[in-house]
Amino acid sequence: MANDEKVSKLRCLEANFEQSRFKNDYQETPTTREQKEVESSVSSMYASFCNKLDIYPDIPLLERNNHREFLLKGLKTLSQSYQCLDASRPWLCYWIVHSLDLLEYHVSEEHALQIADFLGRCQHPKGGFGGGPGQVPHLAPTYAAVNTLAILATVTEDVFKVLNRSGLYQFLMLMRDEEGAFRMHEGGEVDIRGAYCAASSARLTNMCTKELFSGTAEWIRRCQTYEGGFAGFPGQEAHGGYSFCGLAALVILNQPQLCDIPRLLRWTAMRQMKYEGGFQGRTNKLVDGCYSFWQGAAFPVIHMVLCQEDDLALSASGWMFSQEALQEYVLICCQHPLGGLLDKPGKPRDHYHTCYCLSGLSVAQHFTGGVLAHTCVIGSPNNLLRPVHPVFNLSVDAVLQTSRHFQMEGAPTL
């Protein structure tokens with residue numbers, strides 16, 4: 001980093017802050033009522049925070065210890081309410097391990113090997129990972145499993161011994177269609193998530209081939225909508241998660257020029273809520289903490305693309321959204337007092353939102369886009385998280401180590 005900055009100015013203390021509330025022009029609808037209700041709950045959180053400033057001047061504070069305890073407990077045992085996620089167990093491993101990594105907590109080598117062994121039992125004999133032991137292989141838990149192994153490899157690269165690379169490549173080939181799009185599982189739906197999960201898994205494990213991704217970038221381009229964001233499938237509505245998947249996949253495939261970057265940038269910037277400070281996932285929807293990453297990470301990726309096209313981008317001093325406002329929303333409105341993070345005030349905590357709130361918080365804290373690289377931290381200096389690689393949503397160390405490992409192994413035996 002070139003220099004560090006602590007930003008002390010808080011948006012919620014500004015005199016005109018309340019003027020940024022939603023105005024419905026006297027046309028009341030269910031959507032406008034829901035927006036007002038959310039703003040009211042957020043307002044209560046900001047007011048409570050402001051009342052504490054005289055007593056605790058070094059706030060907002062990231063409750064690291066509480067979040068670690070919540071996450072570590074999730075690695076050992078989960079309540080019955082998690083039964084609905086029985087087909088998402090590699091995701092739970094990824095959400096928890098990645099969150100701990102951002103909080104700079106490293107699991108032991110023994111624990112890393114135990115998690116890798118469990119993921120190995122989720123791997124199908126012919127390749128790819130299912131949502132749990134004995135389940136059919138699916139691109140989503142495959143992506144989650146590969147990412148989890150990448151994180152654990154920073155503890156010990158022995159975790160990669162469970163990965164059947166040749167089987168993974170055959171599974172990815174089986175999931176692609178003749179256009180270059182990917183279905184999520186055999187006989188399953190085709191959407192842009194599949195393209196990203198396949199591209200990310202293949203890139204990290206050094207298996208990106210012309211055979212595997214012929215036509216994929218062109219199919220992704222067809223998913224960009226008139227609004228500027230990406231839909232899950234050509235002709236559908238732009239969505240923050242799908243937009244991230246489309247943009248990141250194009251970057252992985254070295255074809256970001258196929259995307260209309262100005263339209264995507266405008267659409268994504270418009271998704272940051274004026275009053276709440278967080279992001280919504282779609283036009284006219286409510287704020288949600290998970291979009292701190294899905295929308296927030298698009299900005300450093302876009303910046304990467306612009307730096308390749310225009311030298312002026314190198315002189316930028318920050319991402320093209322309010323990094324301070326996003327941090328305020330996550331730290332003041334999305335932390336559960338007993339650990340874990342959440343969608344919005346009043347919602348329950350969970351590992352999914354913990355992962356993506358922390359990932360978005362990391363994006364908002366670190367500007368690494370040129371000669372003016374710096375950190376931007378709201379509240380306590382101890383709030384600073386590890387920097388995240390915005391394309392893979394892994395720590396930079398995990399991406400570099402995994403890429404180096406599989407480059408040394410060379411092409412898989414098919």
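Helices are DSSP runs of H or I with at least four residues, numbered from the N terminus. The expected span of a helix is 1.5 Å times one less than its number of residues. This is a predicted model: local features need pLDDT of at least 70, side-chain atom pairs need pLDDT 80 or more, and totals for chains, interfaces and linings use all residues. Residues are numbered from 1 along each chain as its sequence is written, and side-chain values use heavy atoms, without hydrogens or water.

**View 1. Helix H1, residues 30-52.** H1 has 23 residues. From first C-alpha to last it reaches 34 Å, close to the 33 Å expected at 1.5 Å a residue. Its buried residues (under 20% relative accessible area, 1.4 Å probe, protein chains only) include Thr 32, Gln 35, Val 38, Glu 39 and Val 42. An α-helix has 3.6 residues a turn, so residues three or four places apart point the same way. Helix H14 (323-333) is among the elements that cover the buried residues of H1.

**View 2. The largest nonpolar core.** Such a core is a set of buried Ala, Val, Leu, Ile, Met, Phe, Trp, Tyr and Cys residues joined through side-chain atoms within 4.5 Å. Helix H5 (residues 139-152) gives the most, with 10 residues.

**View 3. Gln 295, in the loop between helix H12 (291-294) and helix H13 (298-309).** Gln 295 is buried, with a relative accessible area of 1%. A polar atom of its side chain lies 3.5 Å from the backbone oxygen of Gly 281.

How values were computed: Helices (H or I, at least four residues) and strands (E, at least two) are DSSP runs, numbered from the N terminus. Buried means under 20% relative accessible area, exposed over 50%, partly exposed in between (1.4 Å probe, protein chains only). A polar contact is a pair of N or O atoms within 3.5 Å; within protein, one must be able to donate a hydrogen and the other to accept it, and residues adjacent in sequence count only if both atoms are side-chain atoms. Contact means heavy atoms within 4.5 Å.
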